[in-house]
Amino acid sequence: MIYRTQEDSAARLGWESIVIDILVIDGDEQAQQQLHQLRGGPRDLRFTPAWSAAEGLSLAVEIDPDLILLDAQVNDADWLEVLRALQEKVPHTPLVLTTSRESSGEAVRAFRAGVTDYLSKPLEPAEIRETVQRALTAANLREERDQLARQVEETTRTLLRQQEELNAVHVIGRLTTSLLDMDVVLDRLTEVALHMTDAEESMLLLRDSTRDELYLRAGKNLRAELAGGFEIQLDSAAAGRAIETGEPVLVRGEQAQITPSCPTESLLYVPVRAPEQVIGLLTLSSSKPEDVFSERDILLLSILVDYAAIAIQNARLFESIAESKTLMDSVFSSVASGVLTVDQHGRVSLINPAARQILQAPGAAAGMPLAAACPGVAGKLRSLIDATRQHGEPTGPFEMDFSLPSGDVAHLRMTLSPLRQGSRSTDGVTVVIEDLTRQRKLESRFRLFQRYLSPTVIERLPDDPQELELGGVRRNVACLFADLRGFVDFSVRHPPEKLMETLNEYLGLGAEAVLAEEGTLDKFVGDAVMAFFNAPLSQENYVLRAVRAALSIRDATAELHKRLPPAHRLTFGIGVSVGEAIVGNIGTPQRLDYTAIGPSVNMAKRLQTAAEPGQILLTPQIYQQLKDRIIATPLVLQGITGPDGPIRAYELLGLS
C-alpha cells in the first residue's frame, strides 16, 4: 500500500521503497502475463488479476488497491457500467482504462466518466510504469488538496459558527414581521436555539397564569418521557427563579432536573419576556458533565428570546384576529337575512349566501357591477341605494315585489344604511334583505285556515307535525250543542242556494257567540253547532262561559229575526252539560279531528234534542255550580230517561 501521510509526500512522488497494489480487471491472459513480468524492484508493482467484471468488483472492495486497470473489452459487462460501479465502491482509487482499439471517441467518454488515464494495447512496460506513476501522483495531489480543504474547513468552522449565531438572531428578528403562525414561530425558535448551542434538547415552556404553572408548548429532540407533554409548577426552584427574576438561570448536577423522572447534567432556563411579565421559558438541556453553555451562548439566547417574545405576541394577536374574522364570516354566512353592500361606484363589495339565494343570483361576487350581479332586481335596488347615499341616513324598511330571473315574484323587505368608516361616510350602502314571500303566503293560508278551525285549536297546533298523534286526555269540559229547529221544512220550500245562504247566516252567529267566549268550536253537524270549553287550554269560569255563549246565540238569533222575513225565521234549541270527557285527536293519521267524547258530551246532545225552539236546557250539575249567577227553572224531560229514571234538567232564562 502507498503511504498516506503528508511527510511521505516526496517518497510517494519518487516511488521510493514502496509496493503499489494494482487490480487488473482484464480477461486477456496475454495482458495479465505482461503485467505480471513487471513485478519486483525497489518500486514493486503488485498486480492482482481479475478475469471478469464481477470478480473485479469483489476484489476492489476486498483489497482496496492503489490503482485499477480496467479493460474496455471486459468480457461480461459494459466497461462504462463497471467503471461507475467501481467509482461507487472505491471512490478514491484512480482508474486507468486499457483498450486494444484506439478510439478518440472512446477516450473522450472515458475521461468524461472520470478515468485518470488511458492505455493502448499491447501494453509496454515503460509506458505502464509511467502511466502508473502519473496516476498515483495525481491521486496523491488530490489527497493533499483534500487535506488542505479539511484544514481550511476546520479553520473557518468557528467563523461559520459565529455567523450561524448571528443569522439565528436575524432569523428570529424576521419572524416578528414574516411569521404569524404560533406553531411555526415556536418550532423555529426551539430549532434555532438548538443549533446555536451544544444542547441536546430544546423546548419552549409557556406560562399558564390561571393554574400557576408552565406547560410544554414546543420542543426539539425531546426524550420520550418529555415528548408527550408535562407541567412545571412555578414554585420549582430553578424555573421559578427564572420567572421571578426575569434573568437566565443555569443549573448543573442534581438540581438539573426538568421533571423528577428526567434528570440531566446541565439545564439552562432563558426567560421569554413580554412587556409586562415573563410569559415563558426557553429551556435547553445537556447530558454532558462539562460546561456546555458559555456566556456568549446565554447572551445570544437572551437576544433571541427578546425577538421571539415579540413574535409570540404578534402571533397571539393574529390568532385572535383570525378567530374573530372566522366567527364573523360564519355569522355572516349563516344569517338568514340577505346582506349586500355596494360601493360608491355601483359595484358589489360583499354579498352573503342568503342574499344570493333570495335574489336568485348564484354567481354574484365581490367586484361585479350590481346590474351584472343581480340582474333581476338591480333597477329597483339602484334607485333605493342612490336615495340612501344622497340623504346619508338609513332608509326603510321598504316592502315591495320584485320579479326574479326565474319569473317568480318575491315579496321582499329591504332596509338600507350608508356605510361609514368612523364618523365619515364612505358612499357605500349596506342593504339588508328579508324574503317575506313565504311568510305572506303562510299568513294568507292562516287566515283561510281560521275559517275552518277554532283559533284556540290553531294556537295549540305543535310546530312539529309528528307530534300530532291519535289519542286524548281526560279533563272536565262544558259542552254546548245548538241545533236549528224547522230547517228541514225550510229546505223543502227553498232552492239550495238560499238554503246555503240562510244556514251560513245562522251557523255564523252561533260560531261568533262561542268564539267570543273563547270556546273551542268543534264542528258543524248539518244544521247544528258543537262547541266545548276548558280545552285545549284551561279556562277560568268555563261553565259560565258556556252558559253565556248559549244566551248569546239566543239573543243574536232574536236580533237576526228583526231583519228577516217571517218565512226565514228559524230558532235554535240548545243543550249545555258539564263533566269529564276525553279531549284530543280522533280519526286517522291522514285526517284528524280535535274533539271531545264521553257521557257528558252525549248529555248535551240529548238536552239539545229535547229542547224546544228558543229553549236552553242545562244539566243539574251546571245549575248547582251557577245557581247564584243564573236564573233557571227545573223541569223533567218527558220521554227521555237515563240510568236512574227520567232526566231532570233546568231551563236557562238569563243571568241574575
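Buried here means under 20% relative accessible area. By that cut-off, Tyr-623 and Tyr-650 are both buried in this predicted model.

These two also go together as a ring pair. The structure has three aromatic pairs, and the one made by Tyr-623 and Tyr-650 is stacked, with 4.0 Å centre to centre and 5 degrees between the planes. It ties together distant parts of the chain: Tyr-623 sits in helix α20 (residues 620-626) and Tyr-650 in strand β26 (residues 645-655), 27 residues apart.

## A six-strand open sheet

Next up is an open sheet of six strands with antiparallel pairing, in the order β8-β7-β6-β13-β12-β9. The edges are β8 (231-233) and β9 (249-252); each has a single partner strand, so one side of each has no neighbour in the sheet. On average, neighbouring strands are turned by 25 degrees against each other, direction ignored.

One to look up in the viewer: Val-251 has Leu-267 in β12 as its bridge partner. Helix α7 (residues 182-196) packs on the sheet, where it touches β6 (201-208), β7 (213-220) and β13 (278-286). The direction of α7 makes about 75 degrees with that of β7.

Helix α4 (residues 79-89) has Trp-79, Leu-80, Val-82, Leu-83, Ala-85 and Leu-86 as its buried residues. For reading that list, remember that an α-helix has 3.6 residues a turn, so residues three or four places apart point the same way. At the start of α4, a side-chain oxygen of Asp-78 comes to within 3.1 Å of the backbone nitrogen of Leu-80.

Further along, strand β4 (residues 95-99) pairs with β5 in the parallel sense, over four bridges. Val-96 has Asp-117 in β5 as its bridge partner. Within β5 (residues 117-120), Asp-117 and Leu-119 point one way while Tyr-118 and Ser-120 point the other way, and all of them are buried.

## Asn-534, a buried loop residue

Is Asn-534 buried or exposed? Its relative accessible area is 9%, which is under the 20% cut-off, so Asn-534 counts as buried. The residue is in the loop between β21 (528-533) and α18 (542-561).

As for its surroundings, a polar atom of the Asn-534 side chain lies 2.8 Å from the backbone oxygen of Asn-476. Leaving aside neighbours within four places in sequence, Asn-534 is in contact with Arg-475, Asn-476, Val-477, Gln-539 and Tyr-542.

Definitions and conventions
Residues are numbered from 1 along each chain as its sequence is written. This is a predicted model: local features need pLDDT of at least 70, side-chain atom pairs count only at pLDDT 80 or more; totals for chains, interfaces and linings use all residues. Side-chain values use heavy atoms; hydrogens and water are left out. Helices (H or I, at least four residues) and strands (E, at least two) are DSSP runs, numbered from the N terminus. Buried means under 20% relative accessible area, exposed over 50%, partly exposed in between (1.4 Å probe, protein chains only). A polar contact is a pair of N or O atoms within 3.5 Å; within protein, one must be able to donate a hydrogen and the other to accept it, and residues adjacent in sequence count only if both atoms are side-chain atoms. Contact means heavy atoms within 4.5 Å. Rings of Phe, Tyr and Trp (its six-membered ring) pair if their centres lie within 6.5 Å; planes under 30 degrees apart count as stacked, over 60 as edge-to-face and the rest as tilted. Two strands pair if DSSP finds at least two bridges between them. Axes are lines fitted to C-alpha atoms, for helices over the stretch in contact, and angles run from 0 to 180 degrees between N-to-C directions.
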